[in-house]
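Here is a short briefing on a protein model. Look at the structure first, then read the points by topic.

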Amino acid sequence: MTNRNRWLLGAAAAIGYALLWVGWVAQWSWVTTLDTSLLAPAHRYGVAHPGWVVGWRWLSFVFGPWTFQITAVVVAFVALARRQRRTALFLLVGVVSSGLVTEVAKDIAQRARPLTALAHETSWSFPSGHALGTMAGALGLCAVFRMAQVARARLIEVLCAVIVVFVGVSRVVLNVHNPTDVLAGWLLGSLWFLVCLPLLSHSGSRSRSVIVPKP
């Protein structure tokens, strides 16, 4: 990715996040309509089908941000063992530390959770930590695997994309987040990845085929 493209994508993500933030604070009609129109039917169906709620709660838990963070720690240790310090630093900052970004963003926004939540959550709602963490984790790990020329990197990217989408959907299905919280999480997670990407881009040609070489 060129610096120009990275800056353009980063600016787009930052502007999108800011618009969502201002939108819910100012109670823009399209933000309110989007949130209520998706939360209400999901809540009605969840109340009538408890097993449906349990399934989405497990999906949200198993494939939450910590799954990506633990994977990133493991890959970072492998990178350190192979003297790929910048790759390890990128994973620790870009993926593992994304949880700190989530907490800071939530504390700044302080948006309350939907009153119709079907699962217990104690933190603020905006942005979705699950959406932010999975997006930053998926992008970060996929970038490392692609640079390392991992076999079946494309398949890994598709699987990561599916997980990110389904985890985001799960937060709305469970009514623990507004749809705009999830969109904001995806945007901020993408922005954090782009901010951290130079750490990986500057790791040098030796980073290729080092983490998991092609068979």
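Phe63 is partly exposed, with a relative accessible area of 35%. Here buried means under 20% relative accessible area, exposed over 50%, and partly exposed in between (1.4 Å probe, protein chains only). Phe63 sits in the loop between α3 and α4. Helices are DSSP runs (H or I, at least four residues), numbered from the N terminus.

This is a predicted model: local features need pLDDT of at least 70, side-chain atom pairs count only at pLDDT 80 or more, and totals for chains, interfaces and linings use all residues. Residues are numbered from 1 along each chain as its sequence is written, and side-chain values use heavy atoms, leaving out hydrogens and water.

**Surface patch**
- Phe63 belongs to a nonpolar patch on the surface, together with Val54, Trp58, Phe61, Val62, Trp66, Ile70 and Val74.
- Together these residues have about 790 Å² of accessible area, found by the Shrake-Rupley method with a 1.4 Å probe.
- Patch members have over 30% relative accessible area and no salt bridge, and nonpolar side chains (Val, Leu, Ile, Met, Phe, Trp, Tyr) are joined within 5 Å.
- A salt bridge is a side-chain nitrogen of Lys or Arg within 4 Å of a carboxyl oxygen of Asp or Glu.
- The largest share of the patch, four residues, comes from α3.

**Nonpolar cores**
- A nonpolar core is a set of buried Ala, Val, Leu, Ile, Met, Phe, Trp, Tyr and Cys residues joined through side-chain atoms within 4.5 Å.
- The largest core has 26 residues, of which Phe90, Leu91, Leu141, Val144 and Leu200 touch the most other members.
- Helices α4, α5 (85-96), α7 (129-147), α8 (153-173) and α9 (179-201) each supply at least two residues of this core.
- The most comes from α7, with eight residues.
- Apart from this core lies another, of 11 residues, including Leu20, Trp24, Val31 and Ala184.

**Aromatic pairs**
- The structure holds 10 aromatic pairs.
- Rings of Phe, Tyr and Trp (its six-membered ring) pair if their centres lie within 6.5 Å; planes under 30 degrees apart count as stacked, over 60 as edge-to-face and the rest as tilted.
- Trp52 and Trp56 form an edge-to-face pair, 5.6 Å centre to centre with 70° between the planes.
- Both lie in helix α3, four residues apart, about one turn of the helix.
- Trp52 is partly exposed at 36% relative accessibility, whereas Trp56 is buried at 13%.
- The ring centres of Phe90 and Phe193 are 6.3 Å apart and their planes are at 70°, so this pair is edge-to-face.
- Phe90 in α5 and Phe193 in α9 are 103 residues apart, so the pair links distant parts of the chain.
- Both Phe90 and Phe193 are buried.

How values were computed. Patches are made of residues with over 30% relative accessible area and no salt bridge: like charges are joined within 9 Å, nonpolar side chains (Val, Leu, Ile, Met, Phe, Trp, Tyr) within 5 Å.
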